[in-house]
Amino acid sequence: MSATNTSWFHCGRCGSLFLSTAGEKDDRFCASCGCNPSLGTDLPSLSPDISEAPQPETLEPTGGRKKTPVKKRKNSYFMLKLAAGWLAVLIAIFFTARKLWPDHSDNRPGVKSTLPAKQAASAQDISFLNEAAPLCGAALDGFLTASTPEERNQFVSSPITTAARMARFYNMNPLVNIDPRTITFQGSSVVRLPNGNGMEAHLSTPDGRLFDVVFVKENDEWKIDWDHYARYSDSPWALFLAGSGEAEGEFRLLARERLADERKNEDTISLVLYAPRFGYANDTGFQSPEFVVRRDTRDGRLLDAAFKLERDGKRVFEANLPSINPEGLIRVRVKIRRFEVNLERRFEVEKVIACHWYSVDEPGVQIPEEPEEK
């Protein structure tokens, strides 16, 4: 066969160039993949019988031609592309799952997720959150971007009564500015409040702040529970302890039981209280003097129940997000009185209103019945 009767051809299957006889021939096969180079034919099976396939012609190094068997590649190119495609799909599924179900753990020292594992949300709760989340996000965005107190008021619950507390609070505390475009969503949960289900969300910012926001529905609109969001207290805790301002006030604080194991059989609970710092759950700040509460009182039984709930890794009102409180601390809403005895400043807990910061007066835990006197 003379060289003038051969020509180079392009394989439409694998893209290789091969030398074959000129002219139109339906039985021409690629020297690289062993397939018919025409795209108009059906693909061969994945495991063809190579012995029955026509053997292509190849050139000898000397320039002569002879028919030599060419072992067909076992579709390695096709299988490589298939494996790469599956890998891309698996990676996409992994990152999508991470986005939809973010990791709520917090590895910062002193901060513990009190829920050992995320509990499965019911289909009803998921539907509730999916419906509420966009509206709650719009409310938070409006609140954070508002330039005046009047604008902020329209995004908070009970705006008429809340407005006066907001004005007083921001007169004594700096307004924390947060760009809503920088916020990262960490997770959400249904909170079964006495007046209806609310939504709690954990959010973080690029500078490391982590905070929780609670939304409640009022007149078919989602509003921010501002007292919970701001950790509202009648006055700054440090100033109150220093003797400044009114001698009595309501505070949202963190409580820790002192010597819990050593004093578990005593008649009183010894507490120290800390003011929370907005966005920094691990920073408890200045420690208060000791507060002593009798265990056989309503306040004592409430505190005992709240500390037990914390040890069991649970939260009030069936909230499903991990706690961002430092380990061993609980949230309390309390009335504190300051007084002097022989020129010495002292403090006492007048009432434990609730063991949470939500704007509801229900305690959040089941208070054990007072034991009957023998």
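Modeller: A residue counts as buried when its relative accessible area is under 20%, and as exposed when that value is over 50%. Keep in mind that the model discussed here is predicted.

Biologist: Take Val-334, then: is Val-334 buried or exposed?

Modeller: The relative accessible area of Val-334 is 3%, so the residue is buried. Val-334 belongs to strand E12.

Biologist: Which residues is Val-334 in contact with, leaving aside its neighbours within four places in sequence?

Modeller: Val-334 is in contact with Gly-249, Glu-250, Phe-251 and Leu-253, and also with Lys-351, Val-352 and Ile-353. Val-334 and Val-349 are 15 residues apart along the chain, and 7.0 Å separates their C-alpha atoms.

Biologist: How does one read the sheet around that strand? In what order do the 5 strands of the open sheet come?

Modeller: Start with the general idea: side chains in a regular strand alternate between the two faces of the sheet. In this case the order is E11-E10-E9-E12-E13, with antiparallel pairing in an open sheet. E11 and E13 are the edge strands, and each of them pairs on one side only. With direction ignored, neighbouring strands of this sheet are turned by 50° against each other on average.

Biologist: Which helix packs on the sheet, touching E9, E10, E11, E12 and E13?

Modeller: That is H7, whose direction makes about 70° with that of E13.

Biologist: How many bridges pair strand E9 with E12?

Modeller: There are 9 bridges, in the antiparallel sense, and E9 covers residues 248–257. Within this pairing, Glu-250 has Lys-335 of E12 as its bridge partner. Lys-335 also has a bridge partner in E13, namely Lys-351. E12 and E13, the latter spanning residues 344–354, pair over 9 bridges, again antiparallel. E9 is joined to E10 as well, by 4 bridges between strands that run antiparallel. There, Glu-257 stands opposite Leu-271 in E10.

Biologist: What do E12 and E13 form, and how many residues lie between them?

Modeller: They form a hairpin with 2 residues between the strands. Asn-342 sits in the turn and has a positive phi of about 55°.

Biologist: Now a loop. Where is Thr-284 found?

Modeller: Thr-284 lies in the loop between strand E10 (268–274) and strand E11 (291–294). Its relative accessible area is 18%, which means that Thr-284 is buried. Not counting residues up to four places away in sequence, Thr-284 touches Leu-254, Tyr-274, Ala-275, Pro-326 and Leu-329.

Biologist: There is also an open sheet of 4 strands. In what order do they come?

Modeller: The order is E5-E6-E7-E8, with antiparallel pairing. Strand E5 (184–193) and strand E8 (221–224) each have a single partner strand, so one side of each has no neighbour in the sheet. From one strand to the next, the twist averages 30°. In this sheet, E6 (residues 196–204) and E7 (residues 210–218) run antiparallel and are joined by 6 bridges. His-202 stands opposite Asp-212 in E7. Helix H2, residues 123–145, packs on this sheet and touches E5, E6, E7 and E8. The direction of H2 makes about 60° with that of E8.

Biologist: How many residues line the second largest cavity?

Modeller: 16 residues line the second largest cavity, and Arg-231, Pro-276, Arg-277, Tyr-280 and Ala-281 lie nearest its centre. The space in the second largest cavity is about 120 Å³. Its lining divides into 10 nonpolar, 2 polar and 4 charged residues.

Conventions:
Residues numbered from 1 in each chain as written. Predicted model: local features only at pLDDT ≥ 70, side-chain atom pairs only at ≥ 80, totals over all residues. Heavy atoms only, no water. Pairing = 2+ DSSP bridges. Axes fitted to C-alpha atoms, helices over the stretch in contact; angles between N-to-C directions. Contact = heavy atoms within 4.5 Å. 1 Å grid on protein atoms, 1.4 Å probe; cavity = no way out; pocket = protein on both sides within 12 Å on 5 of 7 lines; lining within 4 Å. Points joined across faces, edges and corners; volume = space filled by probe spheres on them. Nonpolar A, V, L, I, M, F, W, Y, C, P; charged D, E, K, R; others polar. Buried < 20%, exposed > 50% of the residue type's maximum accessible area, 1.4 Å probe, protein only.
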